[in-house]
Amino acid sequence: DSSLEREQMPILPNAPQKEESKGKENAVQAIDNDVPTLAFPSISTADFQFNLEKASDIIVETVEEFVPKLGNARLVLVDLTRESKIVSLVRAKAAKKSIDSSKFFTFAGNIIELSTKGGLNCNVIANAANWRLKPGGGGVNAAIFKAAGGDLEKATNEQAKSLLPGSAVVVPLPSTSPLYNREGITHVIHVLGPNMNPQRPNCLNKDYNKGCMVLRQAYTSLFEGFLSLLK
Ligand code: AR6
């Protein structure tokens, strides 16, 4: 468990400590902030109610597959709190594999303020989107669209009008967007994961054969989208 967690510990947005160490040679220094970084939330595991054990296996497996292709870039799984169950599961499973912890680690923080509040620079963030690519709803989708301003909706619509489950679309963020200015985010990659929530469109009715396949496709599309930006 150790190395993945260590990477995260010193830079947790733990307010008092962070204030104190501001302007000093602080723990944030331990993080190399000049490398291309994709921050991504756990797709489908909150509003879309996907099983956490299964999702964590898929995250670790697809990460393991993509890490060797990253060059100097890195992948960071993000969730709002340190108590995140999905993050704990992924961390434990990743630690059992020999995944380079400088290329993949987990981080607790709000995906729209990782740089300003957490000291983690991410030039690309992923969104757990809805099929119409609409702002609002809840979770990370609402947060990202709100923080990015109207620019993101417009830029998204120029790339795609809708998404199929398992697919992703890379959207360049206009430099006028607050997310670009404040956080240094140049691209948002919208991803549509499988939905297990009967109250949402395209519910898979507990079909985890299909669900796992679609979630795997979703992460593959996401990571390929990120790789396409590195070229
Ligand atoms: N920063 C980091 N992680 C977050 C944030 C945030 N601001 N907000 C939520 N998470 P969810 P889904 C984590 O529900 O299950 C929307 O309404 C959260 O704790 O956002 O794929 C869309 O419009 C969880 O670990 O996405 C879709 O209709 C993860 O992000 C639907 O929800 C994903 O939770 C998609 O549902």
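Modeller: Let's begin at the ligand: one of its oxygen atoms is 3.0 Å from a polar backbone atom of Phe48. Bear in mind that this is a predicted model, where local features need pLDDT of at least 70, side-chain atom pairs count only at pLDDT 80 or more, and totals for chains, interfaces and linings use all residues. Residues are numbered from 1 along each chain as its sequence is written, and side-chain values use heavy atoms, with hydrogens and water left out.

Biologist: Which other residues have an N or O atom 2.8 Å from the ligand?

Modeller: Asn110 has a side-chain N or O atom 2.8 Å from a nitrogen atom of the ligand. Gly138 uses a backbone N or O atom, 2.8 Å from a ligand oxygen. On its own the ligand has 710 Å² of accessible area, and the protein covers 91% of that (Shrake-Rupley method, 1.4 Å probe).

Biologist: What makes up the shell around the ligand, by class?

Modeller: Eleven nonpolar, ten polar and two charged residues. Helix H6 (139-148) and strand E2 (74-79) each supply at least two residues of that shell, and H6 gives the most, with four.

Biologist: Why is Arg74 called buried?

Modeller: Buried means under 20% relative accessible area, exposed means over 50%, and partly exposed is in between (1.4 Å probe, protein chains only). Arg74 has 3%, so it is buried. Arg74 lies in strand E2.

Biologist: How do you know that the side chains of Arg74 and Thr37 make a polar contact?

Modeller: Their contact is 2.6 Å. The limit is a pair of N or O atoms within 3.5 Å; within protein, one must be able to donate a hydrogen and the other to accept it, and residues adjacent in sequence count only if both atoms are side-chain atoms. So the Arg74 and Thr37 pair counts as a polar contact.

Biologist: And Phe107, buried or exposed?

Modeller: Phe107 has a relative accessible area of 1%, so it is buried. Phe107 lies in strand E3 (residues 104-108). Phe107 and Val78 are 29 residues apart in sequence, and their C-alpha atoms are 4.9 Å apart.

Biologist: What makes Ala46 count as exposed?

Modeller: Its relative accessibility is 60%, so Ala46 counts as exposed. Ala46 lies in the loop between strand E1 (37-41) and helix H3 (52-66). Ala128 is 82 residues away from Ala46 along the chain, with 9.8 Å between their C-alpha atoms.

Key
Nonpolar A, V, L, I, M, F, W, Y, C, P; charged D, E, K, R; others polar.
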